[in-house]
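Good morning, colleagues. I would like to take you through one structure, starting with its aromatic pairs and ending with some backbone details. Please look at the display.

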Amino acid sequence: MMPFGHCLIMSSRTFCLSGCVLRILGTEDHIYCHSSFSQSMLCSVLEEVTSFKSEGDFQFCSVCSGILQLSYRDDKETLVKMKSPNDMALVIAELVKKEGHQVDGFSLEVSIPQFILENESSLLSGMKKRYESEPWFQERLLSKCVSVKDVLKFAITKPLETLLDTKASASSFRIRLTYTHKMALENSVERNQGFKRRKIGTENGLQNVNDESVVANKDCSDYPANETIAVTGRSSLKVPIDKVSEPCHLVYLCYRTHIYLCGRYLKYSRNVSQTRWIIDEERMGEASVEEIIGSNILPMCRGDNYKFHAAGREDIDVRMLGSGRPFLLEIQNARQVPSKETVKEIESKINGLENKLVGVKNLQVVGSQGWTLMREGEAEKQKQYCALVWISRPLEDEDVCSISLLHDMQILQKTPIRVLHRRSPLEREKIIHWMKIERIAESSQYFLLHLCTQAGTYIKEFVHGDFGRTQPSIGSILGCRAEILQLDVTDVKMDSF
Amino acid sequence: MSDVMVDHTQKLEETAVPNNLEQQDKQDEEQPQQSVQENAEYEDEELHKHLVPDIIQLPLIPPSAVEFNFASYFAPDFMKPGNDQYVYRHANGLCVVGLASTHLAFKDKGGITAVDFNVGKSDRSGMKVTGKRKKNAQHFESNTALCKVCTNGDSYIVRCCVKGSLLEVNERLIKQPELLHSSADREGYIAIIMPKPADWLKVKASLLSLEEFKKLRVLC
């Protein structure tokens, strides 16, 4: 049995849902007409703690500000009075449909202004003063206050499950009801003193929630009722419950938290950058890996936006071959989570593009653990390369041999001149794990150099020496001038991807 | 190879994108170990095809990293006759300065014996530039002395040629002055300077291009 809209107690001072009084006393059975309470008893309780005269036809409960009366102002400032929780569920279902979300579960969140908790504790301490000695009161005090949020969530969840044809669960699809109140905003400074400020909404990075009002009103979902009452106890005896002439402002929001797709990408072109690269309004290169992959995946998820993250990067003129480089694509507010088949289709589509600039492997939807997988050992991982090298004298068998004998060779690289303008001038120790020369049949001075190095090694500079600022270099090892013409990444060793 | 991001190098023969990668995944599931190994070898072969270049399309002598990534400028008789210096400017604005091959110091019979960075008011080799913003870098004028190059009979002052922040000097020259003989235009560079864009434009006007310099010094 729900208290919505019923049993409004009237005193000479203010109005309060009897339900609100009862739920503060921890009435868990949701039945709001306990025999121990009489109307007059409740009235006198309210006399103690309130101070304003009542006016008008419809009155809002002083404790919950009309929330449990299913009354609120919508975004057009219209006063809305729902008859039952079903109606609210209907509004939500309409919104979900309008946004085009495909729903496989939902998580319902409600956030209310802080002052409501304070009102509750005011009322409770007022009652305590009066009825402390009564046995029925002492018995009640042991049970927890049933919060406005829980009441509302409980009421809306069932009809919503029916309307959306799915279950409420820990889902990436969130439905959020945010109640705010003008009065609370004005007094927010006062209220924030002594409270630790909490960050809100950082997980999902919502932009369309009114962040100001949310922070000011303090999401009090995680405070257990007892704790809150203890915290606000200090001020509650003095602060009366103000009469409420205005209900709360309600914003309905439904969104999906980030979903992730991971995989490995290959870059076959020497004219494609990893991420979108624009200088002075001109694009560098003919395309980017980020845009090719993102633009093909985003529409299949019907998301708002994507963010591309990769485990390291290669220059625009360096190809990414072999195993491919691990990447993570973050999709914001996807209306649909792609199925396994859809994901396979996307992979085939990208690999089948006519211009063959980029390829994708092992594409799959992954949970938030995708982050940890990516970061894992990114700095320690080894990379394998193949470089096309030219030297200023013919290659000898001795050279092939001596190069192959070098294992875990340490080199010292000063910050390459080509990046020195934007990086710190440092000397970095790097390890070349192994090298192998592959002769090219028709040439005595060109050869392929296969090498495996520590992450962060500048390969080009290791070959040509960068004015002698990388020591040793291929040139210094072979005792001649060495130049690099082409570079390919052939393996990015990462087990988890 | 290019630091600047345009594809100057010859395009390699385009091999088909291995669509069979997907098929191989399925094969892996169904067939025994031997087949998996074969598939791995096949993948390696495919990769290898991408790597081997088409030799015919490669030049006999490719442009050097410096030729490719830097624009060469020259300052003949800078502040003193015979003091020929080069300024190699990278696309990112950084300038590498050093002795041109026609510098008087190279004509000295005894050869270069020492390089001393302790000139002017401070020892140029002592400064430590840190951070992305290049804190502590000294701002020098184009005629500020960088170092003194000593030969048996003489000594020559090498100057900045470019007004800007001194990022680095080639300390290796202290222990190995012979680098100036073996490769003054690479390992024997003198210093790296970062000029402001406006300052570069001013000095650029007074410098010669490689062609102009060759003509002046009557080089082949």
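Over all chains, this predicted model holds 10 aromatic pairs. Take the rings of A:Tyr265 and A:Phe308: their centres are 6.1 Å apart and their planes stand at 50 degrees, so the pair is tilted. A:Tyr265 belongs to strand E8 (residues 259-267) and A:Phe308 to strand E13 (residues 305-310), both of chain A, so the pair ties together parts that are 43 residues apart in sequence. Are these two residues buried or exposed? A:Tyr265 has a relative accessibility of 0% and counts as buried. A:Phe308 is buried too, with a relative accessible area of 9%, which is under the 20% cut-off. Ring pairs also bring in A:Phe327, which forms a cluster with A:Tyr265 and A:Phe308.

The next pair is formed by A:Phe467 and B:Phe70. Here the ring centres are 5.5 Å apart and the planes are at 80 degrees, so the pair is edge-to-face. A:Phe467 sits in the loop between helix H16 (459-464) and strand E20 (470-471) of chain A, while B:Phe70 is in strand E1 (residues 70-75) of chain B, so this pair joins two chains. Both A:Phe467 and B:Phe70 are buried.

That pair leads to the interface itself. The size of an interface is often given as the accessible area lost when the parts come together. How much area do chain A and chain B bury between them? The value is about 4,400 Å², and 62% of it is on carbon and sulfur atoms. In terms of residues, 50 of chain A are in contact with 48 of chain B.

In a salt bridge, the side chain of A:Arg469 meets that of B:Glu168, with an N to O distance of 2.6 Å. Residue pairs in polar contact between chain A and chain B number 14, counting those with both residues at pLDDT 80 or more.

Which elements of chain A supply at least two residues each to the side that touches chain B? They are strand E14 (318-332), helix H12 (340-351), strand E16 (382-391), helix H15 (417-420), strand E19 (446-454), H16 and strand E21 (482-492). E21(A) gives the most to this side of chain A, with eight residues. By residue class, the side of chain A that touches chain B divides into 19 nonpolar, 13 polar and 18 charged residues.

I now turn to chain A as a whole. Chain A has 17 helices and 21 strands. Of its 497 residues, 56% are buried. Among the contacts in chain A with a separation of 6 or more, 78% are between residues 24 or more positions apart.

A:Leu412 is placed in strand E17 (residues 409-414) of chain A. Its relative accessible area is 32%, so A:Leu412 is partly exposed. Beyond its neighbours within four places in sequence, A:Leu412 is in contact with A:Glu427, A:Arg428, A:Glu429, A:Arg469, A:Thr470 and A:Gln471. One of these, A:Arg469, also takes part in the salt bridge with B:Glu168. For a sense of distance, A:Leu412 and A:Glu118 are 64 Å apart in space, C-alpha to C-alpha, and 294 residues apart in sequence.

The second residue, A:Glu461, lies in helix H16 of chain A. A:Glu461 counts as buried, because its relative accessibility is 1%. Its side chain makes a polar contact of 2.8 Å with the side chain of A:Arg418. Setting aside neighbours within four places in sequence, A:Glu461 is in contact with A:Gln413, A:Pro416, A:Arg418, A:Asp466, A:Thr470 and A:Ser473.

Finally, the backbone. Where does chain A have a cis peptide bond? The bond from A:Gln471 to A:Pro472 is cis, with omega near -10 degrees. A:Pro472 is placed in the loop between E20 and helix H17 (474-478) of chain A.

Positive phi values also deserve mention. A:Asp280, a residue other than glycine, has phi near 50 degrees. A:Asp280 is in the loop between strand E10 (278-279) and strand E11 (282-283) of chain A, and with a relative accessible area of 74% A:Asp280 is exposed. A:Asp408, again not a glycine, has a positive phi of about 45 degrees. A:Asp408 is found in the loop between helix H14 (397-405) and E17 of chain A.

Key
Residues are numbered from 1 along each chain as its sequence is written. Chains are lettered from A and ligands numbered from 1 in the order in which they are written. This is a predicted model: local features need pLDDT of at least 70, side-chain atom pairs count only at pLDDT 80 or more; totals for chains, interfaces and linings use all residues. Side-chain values use heavy atoms; hydrogens and water are left out. Rings of Phe, Tyr and Trp (its six-membered ring) pair if their centres lie within 6.5 Å; planes under 30 degrees apart count as stacked, over 60 as edge-to-face and the rest as tilted. Helices (H or I, at least four residues) and strands (E, at least two) are DSSP runs, numbered from the N terminus. Buried means under 20% relative accessible area, exposed over 50%, partly exposed in between (1.4 Å probe, protein chains only). Contact means heavy atoms within 4.5 Å. Buried area is the accessible area (1.4 Å probe) that two parts lose on being put together, summed over both. A salt bridge is a side-chain nitrogen of Lys or Arg within 4 Å of a carboxyl oxygen of Asp or Glu. A polar contact is a pair of N or O atoms within 3.5 Å; within protein, one must be able to donate a hydrogen and the other to accept it, and residues adjacent in sequence count only if both atoms are side-chain atoms. Ala, Val, Leu, Ile, Met, Phe, Trp, Tyr, Cys and Pro count as nonpolar, Asp, Glu, Lys and Arg as charged, and the others, Gly among them, as polar.
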